[in-house]
Amino acid sequence: MPALILKRLTESILVLLVVALIAFLLFRFVGDPVSSMVGQDTSLSDRAALRDALGLDDPVLVQFGRFLANVVQGDFGVSYRHRIPVADLLAERLPATLELALVATILAISVGILLGVYTAIHRRKPLAQLIMTGSLIGVSLPTFLIGILLILVFGVWLRWLPTYGRGEVVDIAGWSTGLLTASGWASLVLPAFTLALFQLTLFLRLVRAEMLDVLATDYIRFCRARGIPAKSLYFRHALKNTLIPVITVMGLQIGSIIAFSIITESVFQWPGVGLMFIQAIGDADVPVMSAYLLMVAFVFVAVNLAVDLLYVQIDPRLRHA
């Protein structure tokens, strides 16, 4: 087990170093940092002084090493557009994205697994067939279109829910949250459902397919012959053997929920890091783009590392592989 953890940690660090190199190259090949930070009336001598202060004339390896050292310390540079440290921008926007991703993830996993188990056990019932037909909507329709349809129905026609913004938030020890206010929850419903729908239907169909395979095995037939109650048979024996391939996909998809929340945040004007990234692209704000890339890579690596370790807990055979 320690060897497995060490191996996974080494792989994770290598992945982060590659992403850090890509983020560093953004600074060198996407525009001139000095031109982005000063006005057109700045003299050549002032520009040269700024280049020297930023270390832009140093060898590339020196600059990359300095970039890594700064990133490790949480220093992502200064935003060209906002003129404030990128770390402060991330700290301001990250709570909104994490809350949206958390609610969407809980919704996708809990509802997706329950519906997947139900449609596998009762696959010939009309309700199960209706759920499977409806799941095609979540898989086939693009996220932005689902968001626009929800805004049209629940925001414009019915006027039940707000269609943009985060609602009222409260500050707790420097963390702004909308989970403690009614308007915060009302604002969260539509974007969270939009973000979760694709993952939910994916989990549903995956759990159903794996569950049907497991229910057809001799192991489950033997359990039935022993007279094990149906509830224990389905949720203790069958579902447990279904989880390994499901968890693999979950690890990737949970990372995607955070990484690709930019579309949902843009549609609902949700003030998170995804919307900040879209605005940074429009402004060629390289430090913000670079920090976002690093953050997304870290999320993917951390989630997949957790999934790898979870495998071992679920399947003891992997401890000796």
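**Reading spaces and residues in a predicted model**

Student: How many cavities of 30 Å³ or more does the count come to?

Tutor: Rolling a probe the size of a water molecule over the atoms shows where empty space is left. On a 1 Å grid over the protein atoms alone, a cavity is a set of points where a 1.4 Å probe fits but cannot get out, whereas a pocket is an open set with protein on both sides within 12 Å along at least five of seven lines; a lining residue has an atom within 4 Å of a point. By this rule the count comes to one cavity of 30 Å³ or more. The model is predicted, with local features needing pLDDT of at least 70 and side-chain atom pairs pLDDT 80 or more, while totals for chains, interfaces and linings use all residues. Residues are numbered from 1 along each chain as its sequence is written, and side-chain values use heavy atoms, with hydrogens and water left out.

Student: What volume does the largest cavity have, and which residues line it?

Tutor: A volume is the space filled by probe spheres set on the points, which are joined across faces, edges and corners. For the largest cavity this comes to about 40 Å³, and the lining is made by Arg-81, His-82, Met-276, Gln-279, Ala-280, Asp-283, Asp-285 and Val-288. Helix H12 gives the largest share of this lining, with four residues; helices (H or I, at least four residues) and strands (E, at least two) are DSSP runs, numbered from the N terminus. By residue class the lining of the largest cavity holds three nonpolar, two polar and three charged residues, where Ala, Val, Leu, Ile, Met, Phe, Trp, Tyr, Cys and Pro count as nonpolar, Asp, Glu, Lys and Arg as charged, and the others, Gly among them, as polar.

Student: How should I read the second largest pocket, and where does it lie?

Tutor: The second largest pocket holds about 300 Å³ of space. It is lined by 13 residues, and those closest to its centre are Leu-16, Val-71, Phe-76, Leu-294 and Phe-298. Helix H1 (2-29), helix H4 (60-72) and helix H13 (286-314) each give two or more residues to this lining, which divides into 13 nonpolar, no polar and no charged residues. Domain 1 (1-73) and domain 2 (86-318) both contribute to the lining, so the second largest pocket lies between them; the domain bounds come from an automatic or database assignment.

Student: Is Arg-166 buried or exposed, and which side chain does its own side chain contact?

Tutor: Buried means under 20% relative accessible area, exposed over 50%, and partly exposed in between, with a 1.4 Å probe and protein chains only. Arg-166 counts as buried because its relative accessibility is 10%, although its place is in the loop between helix H7 (143-157) and strand E1 (170-172). Its side chain makes a polar contact with the side chain of Glu-99 at 3.2 Å, and a polar atom of the Arg-166 side chain lies 2.9 Å from the backbone oxygen of Ser-176. A polar contact is a pair of N or O atoms within 3.5 Å, one able to donate a hydrogen and the other to accept it, and residues adjacent in sequence count only if both atoms are side-chain atoms.

Student: What is the phi of Arg-159?

Tutor: Phi of Arg-159 is near 55°, a positive value in a residue other than glycine. Arg-159 is in the loop between H7 and E1, and with a relative accessible area of 69% it is exposed. Gln-269, also not a glycine, has a positive phi of about 50°; this residue lies in the loop between helix H11 (262-267) and helix H12 (273-283) and is partly exposed at 43%.
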